[in-house]
Each structure stands twice: as structure tokens, then as C-alpha cells.
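Opening my notebook on this one, with the ligands as the topic. Here is the entry I started from.

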Amino acid sequence: MIPELTRPSVYMRDSKRVEGIIQAMQQSGSNSLQVISDFDMTLTRFTYNGKRCPTCHNILDNRKLISEECKEKLKDLLNTYYPIEINSGLSAEEKLPLMVEWWTKAHALLVQQKIRKDLLSLVVRESGAVLREGYQLFFDCLQEHDIPLLIFSAGIGDVLEEVIRQAGVFHPNVKVFSNYMDFDESGTLQAFKGQLIHIYNKREGALLNAGHFQALRARRNVLLLGDSLGDLTMADGVYRMQNILKIGFLNDKVEERKESYLKAYDIVLEQDETMNVANAILLHIT
Ligand code: C5P
Ligand code: MG
């Protein structure tokens, strides 16, 4: 068995099953594998040096882009809706309309701010966003073995692309499904493009992008990484899936949510700020 799976942050409801899936994936080899990962709080760290790290949306919370008043309003939204997002006492059905409300209100506020495209790289650089320890090995290993990585995020595509570009890991094997900003010809934000992706409609987003999964139809094994129960549907568009291994980062409200994460994810990583487990599995398979 892979030694990293015995780390104290690793929990599995059925370790024999996990072992079996990894073995099957290893036998099929890297040509049969695709990786689908969430972005915020999955590829990025939840905390760093005792401080909460920002999501894509929080990265825009910079006075160079938005007014003090807008900052306050976004903070109020976060304080209202984030506790709902992580509330284990509410079902996905109960949370869904409230999550749509959060994203819709936040995007409307951002559009009012006339955000300039040319400032995005600067605010990303000034933000405290940090990719998880071991990210370099993760991205480089996938690139080296030509394994497609789909980053499927309810965050903001323009922002997350800039984070991975600045980290030097936006390799050609990386594809992003996310909410993209629509800038006018002067480079000012005027809207968000396409259908909104929030944490509970990733299944619809996957089905809308059937062409992507069709192109990867020979890759029937999936390594899925997420931090929310909504991330579990990211692979719903995969063509005739053979094996799927789901790794879930349990960052916040650990005790309350552990049971539901253990039921839903094959491997649960409790307050683990590294990519070590995913990397060890990838190195084993490739
Ligand atoms: O990349 P991912 O799908 O994880 O992005 C979604 C995350 O963005 C959510 O977990 C949510 O907490 C966060 N979010 C935010 N501000 C908003 C909307 C969502 O920080 N206005
Ligand atoms: Mg996330």
C-alpha cells in the first residue's frame, strides 16, 4: 500500500476498496487516466501561516479594483452565505437557491465596479492565494505523462488562470471550466459569460461540456479532487467511466462534516494543506 495513505490526516471508510481502485488504475496505466479537480480550497490552501487564504472571489477584494463600500457588501454576503455553504444540517436542495443568490449578488456587485482586466495580474500577485504544498509535482507529473487535468471551478476563470500562470503550472494539458468575465473593448468588466457555475450545479456544467469528455473518451479512469460535496458531480460527463477515486479535502467544520465526507469521498483529507496523497497515488499509477 502507498505509505502516504497512512498519514494521520487520511481517513477512508473502506481502505481495501481504495487499494483495489488504485490497483485497477495502475494496471490500466496513465493513458486511461484523467484528473478532474475543483480549484478553491482544493488546489489552493485553506490556511497559510494561521491565516485564511482567499478564494478567487476574495482575491478581487482589493482596493485597486473595488470600492470600500463594495468590499463591505461582499463581506456581508460572505458572512451570510458561507456558513450556509458549510452547514451540514441543510441539504443540497435547501442550499441551492441560496447559493445561486450569493453568486448572483456578488457578480452583480463586481460588475458595478467596472473592474479592469489589466489589473487582474497585479491583484493576484498581491493576494494571499497559495497553491497547496506539492502543487508543482502534481501539475508537472500530469504534464509529463500527458494526463489531462480539468479544473472545474465555481470561482472565476480569469482569476484562477492567473494564479496557475503566475505559479508556472498552466501547462497545455490543463483545461478550465469556470465563470469567465466578459470585458468590453476597453478592458472593463461588463458581465459574466455563459451559464453561472455555482457549487451545486457542476453536474449541469459537466453535461454542457460534453465535447470535452467526448474527446477524452479513451480515458475511463478518473481521479477526482474536491473540497465540497457539490464537487462530487464534476465527473458526471465522463464517458463510460470505469474507475473513479474521489479525494475530498475536509478543511472547515471538520467534526460536524466528517461523517458525510466519509460517505461521499473514498479518501478524506482532514486539514491537510498538501497534495502529498494525490501525488503519491499519481506516482504509483504512472
Ligand atoms: O473553485 P470552487 O468551485 O471551489 O469555488 C467556489 C468557492 O468560492 C466556494 O466554495 C465559495 O466559498 C467561494 N465563493 C466566494 N465568494 C462568492 C461565491 C463563492 O468566496 N461570492
Ligand atoms: Mg472548492
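Which polar backbone atom is 2.7 Å from an oxygen atom of ligand 1? I looked it up in this predicted model, and it belongs to Ala154.

**Ligand 1, polar contacts.** I then went through other oxygen contacts. An oxygen atom of ligand 1 lies 2.9 Å from an N or O atom in the Lys202 side chain, and I noted 3.4 Å between a ligand oxygen and a polar backbone atom of Gly155. I also checked the cover: the protein buries 96% of the 480 Å² that ligand 1 exposes when taken alone.

**Ligand 1, the shell.** I found 15 residues around ligand 1, with Asp38, Thr55, Glu85, Ser153 and Ala154 as the closest. Sorted by class, the shell holds 6 nonpolar, 5 polar and 4 charged residues. I traced at least two shell residues to each of helix H2 (56–59), helix H3 (68–85), helix H4 (92–112) and strand E5 (149–156).

**Ligand 2, the magnesium ion.** Next I asked myself: which residues coordinate the magnesium ion? They are Asp38 (OD), Asp40 (O) and Asp227 (OD), at 2.0 to 2.2 Å. Along the chain, I read the donor spacing as D-x1-D-x186-D. Asp40 and Asp227 are 187 residues apart and link distant parts of the chain. I placed Asp40 in the loop between strand E2 (33–37) and strand E3 (47–48), and Asp227 in the loop between strand E9 (221–226) and strand E10 (243–250).

**Buried or exposed?** Asp40 has a relative accessible area of 12%, so I filed Asp40 as buried. Asp227 comes out at 13%, so Asp227 counts as buried too, given the cut-off of under 20%.

Conventions
Residues are numbered from 1 along each chain as its sequence is written. Chains are lettered from A and ligands numbered from 1 in the order in which they are written. This is a predicted model: local features need pLDDT of at least 70, side-chain atom pairs count only at pLDDT 80 or more; totals for chains, interfaces and linings use all residues. Side-chain values use heavy atoms; hydrogens and water are left out. A residue is near a molecule or strand if one of its heavy atoms lies within 4 Å of it. A polar contact is a pair of N or O atoms within 3.5 Å; within protein, one must be able to donate a hydrogen and the other to accept it, and residues adjacent in sequence count only if both atoms are side-chain atoms. Accessible areas come from the Shrake-Rupley method with a 1.4 Å probe; for residues, only the protein chains shown count as cover. Helices (H or I, at least four residues) and strands (E, at least two) are DSSP runs, numbered from the N terminus. Ala, Val, Leu, Ile, Met, Phe, Trp, Tyr, Cys and Pro count as nonpolar, Asp, Glu, Lys and Arg as charged, and the others, Gly among them, as polar. Donors are N, O and S atoms within 2.8 Å of the metal (3.2 Å for Na, K and Ca); water is not among the atoms, so sites may look incomplete. Buried means under 20% relative accessible area, exposed over 50%, partly exposed in between (1.4 Å probe, protein chains only).
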